[in-house]
Amino acid sequence: MEKLLMVWVTEKQLKGDTLTQGIICEKARAIYGDLLNQTPRSSTDEASEDSFKASRGWFDNFRKRTGIHSVVRHGEAASSDVKAAEDYLKTFSELIEANGYIPQQVFNCDETGLFWKKMPNRTYITAEEKIMPGHKPMKDRLTLALCANASGDCKIKPLLAYHSENPRAFKSHKILKEKLQVMWRANPKAWVTSQFFLQRVNPVFGPLLLRNIYRKTTCPCKPFSFLTMLLLTHRTSKMTSSMS
């Protein structure tokens, strides 16, 4: 039964599914019941589905015998598609070689969320105290879109998306968004939308590309009239993007 259970655990792990003690114990009872139904029994056989409880003690021993252990899932990286990431690296290398791109021409753009008011999950307290009083976590967030080329000598002005177009601090301190070191945009969910992305590409990315790359006499690359763009899903970008 435990061998079949480990096969099932491995399959679930490859799919990226979450497995808890309760889920594993429930599956163990189901496998035990199926095996019991497939085994011929006499009238004197007292074995039944109720004879195997899949208790906590059984699970602890099963965990020690098989070596399975509990880990913390870390956001997008934990759900990454390894096979798709490997295929992308091959496609990317072929594209670079076929078009003769150099590091100055290869740009990487990725976004990241910043919970700028969030407190750490752990803290130190004195020996006299047993617990730390709870607090409501602050979930105020913003999104940053970062972009740079592979050679590292051309960094695009970051795009910042926030839920407020004119925060109170801007009004109090008379801050002009045009003078910030980021391109400020706002929507209710603080997301980098396709509209914001295009607003960044046309007035910011294009002119900077011409000024810092194609007009440099030391750069051997030649201007081209089109851009090749590769879009990655979140299941592959966290394993291949150097911005992560």
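Tutor: Begin with a definition: two strands pair if DSSP finds at least two bridges between them. Keep in mind that this is a predicted model.

Student: In which sense do strand β3 and β4 pair?

Tutor: Two strands need at least two bridges to pair. Strand β3 (residues 155-162) and β4 have four bridges. In this pairing, L160 stands opposite W184 in β4. The sense of the pairing is parallel.

Student: Which are the edge strands of the sheet?

Tutor: Four strands form an open sheet, with mixed pairing, in the order β1-β2-β3-β4. An edge strand pairs on one side only. The edge strands are β1 (107-114) and β4 (183-186).

Student: Do Y32 and F52 count as stacked, edge-to-face or tilted, and what is the angle between the planes?

Tutor: Rings pair if their centres lie within 6.5 Å, and planes under 30 degrees apart count as stacked, over 60 as edge-to-face. The centres of Y32 and F52 are 5.0 Å apart. The pair is tilted, and the angle between its planes is 35 degrees.

Student: Where in the chain do Y32 and F52 lie, and how many residues apart are they?

Tutor: Y32 is in helix α2 (residues 21-38). F52 is in the loop between α2 and α3 (56-66). The pair thus links distant parts of the chain, 20 residues apart.

Student: Why is F52 counted as buried?

Tutor: Buried means under 20% relative accessible area. Y32, at 21%, is partly exposed. F52 counts as buried because its relative accessibility is 14%.

Definitions and conventions:
Residues numbered from 1 in each chain as written. Predicted model: local features only at pLDDT ≥ 70, side-chain atom pairs only at ≥ 80, totals over all residues. Heavy atoms only, no water. Phe/Tyr/Trp six-rings, centres within 6.5 Å; stacked < 30°, edge-to-face > 60°. Helix = DSSP H or I, 4+ residues; strand = E, 2+ residues; numbered from the N terminus. Buried < 20%, exposed > 50% of the residue type's maximum accessible area, 1.4 Å probe, protein only.
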